[in-house]
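Hi everyone, thanks for coming. I'd like to walk you through one protein today, so please have a look at the sequence and the model before I start.

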Amino acid sequence: MTPEEMRQRLGVTAPPASMSQNTPLKVGSLLYMSTGVGAVAAVDATTGRLAWFDLVPESVPKERRRLGNSSRGIAYWKGGKDERIFAITGDYLVALNAKTGQRVPGFGKDGAVDLVDGYDRPASTYTASMPLVVKDVVVMAGM
């Protein structure tokens, strides 16, 4: 999917990335990273082929499907056979199946926790910091 196809599918204008400062994470044969537009991607570490790419779901209201800011990285968690990638995408903390890129249904609502829900006034959740998993708890920097 090209950047233009992504913007059309989302129905938003995501500016081209001016920079991407993140630390990719290699687990097994996949390399995970936050992209320059704030989405998450996994590529085959040997071939460089895209394995999966997470886009903001179309069920999210159009005014909340914001991308455009890169983050400094993602977090990885494993429990038994369950492997997850955690990332901040727009106004959401998302949990993704590390192998398929599908959002984890049991995490938040449809795989995402709304980080601005409940605020009395509009809030900006943009943070360049990445989430961190410590003893099964996802930790994030202040917003």
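Take tyrosine 32: its relative accessibility is 0%, so tyrosine 32 counts as buried.

Quick housekeeping. What you see is a predicted model, where local features need pLDDT of at least 70 and side-chain atom pairs count only at pLDDT 80 or more, while totals for chains, interfaces and linings use all residues. Residues are numbered from 1 along each chain as its sequence is written, and side-chain values use heavy atoms, with hydrogens and water left out.

Now the overview. The protein has 1 helix and 10 strands; these are DSSP runs numbered from the N terminus, with helices being H or I over at least four residues and strands being E over at least two. Starting at the N terminus, the order is α-β-β-β-β-β-β-β-β-β-β. Of the 143 residues in the protein, 41% are buried.

On to the sheets. For two strands to count as paired, DSSP has to find at least two bridges between them.

β1 and β2 pair in the antiparallel sense over 3 bridges, and lysine 26 sits opposite leucine 31 in β2. Further along, 4 bridges join β3 to β4, also in an antiparallel way. Those two strands form a hairpin with 5 residues between them, and glycine 48 in the turn has a positive phi of about 80°. Which residue in β4 is the bridge partner of alanine 42? That's tryptophan 52, and we'll come back to that one.

There is also an open sheet of 4 strands in the order β5-β6-β7-β8, again with antiparallel pairing. β7 and β8 run antiparallel and are joined by 3 bridges. Valine 94 stands opposite alanine 112 in β8.

So what's inside? In soluble globular proteins, nonpolar side chains tend to be buried together. By nonpolar core I mean a set of buried Ala, Val, Leu, Ile, Met, Phe, Trp, Tyr and Cys residues joined through side-chain atoms within 4.5 Å. The largest one here has 14 residues, and those with the most contacts inside it are Tyr32, Val40, Trp52, Ile74, Ile85, Val94 and Leu96. Two or more residues each come from β2 (30-34), β3 (40-44), β6 (82-89) and β7 (92-97). The largest share, 3 residues, is from β7. A second, separate core of 10 residues includes Trp77, Leu93, Ala95 and Val104.

Back to tryptophan 52, as promised. Buried or exposed? Tryptophan 52 is buried, with a relative accessible area of 6%. Leaving out residues up to four places away in sequence, tryptophan 52 touches a whole list of residues, including Tyr32, Val40, Ile85 and Leu96; a contact here means heavy atoms within 4.5 Å.

Last topic: aromatic rings. Rings of Phe, Tyr and Trp (its six-membered ring) pair if their centres lie within 6.5 Å; planes under 30 degrees apart are stacked, over 60 edge-to-face, and the rest tilted. How many aromatic pairs does the structure hold? There are 2. Tyrosine 32 and tryptophan 52 make a tilted pair, 6.0 Å centre to centre with 45° between the planes. Tyrosine 32 is in strand β2 and tryptophan 52 in strand β4 (residues 50-54), so this pair ties together parts 20 residues apart in sequence.

For phenylalanine 86 and phenylalanine 107, the ring centres are 5.4 Å apart and the planes are at 65°, so that pair is edge-to-face. Phenylalanine 86 lies in strand β6 and phenylalanine 107 in the loop between β7 and β8, 21 residues apart. Phenylalanine 86 is buried at 4% relative accessible area, and phenylalanine 107 is buried at 15%.

Conventions. Buried means under 20% relative accessible area, exposed over 50%, partly exposed in between (1.4 Å probe, protein chains only).
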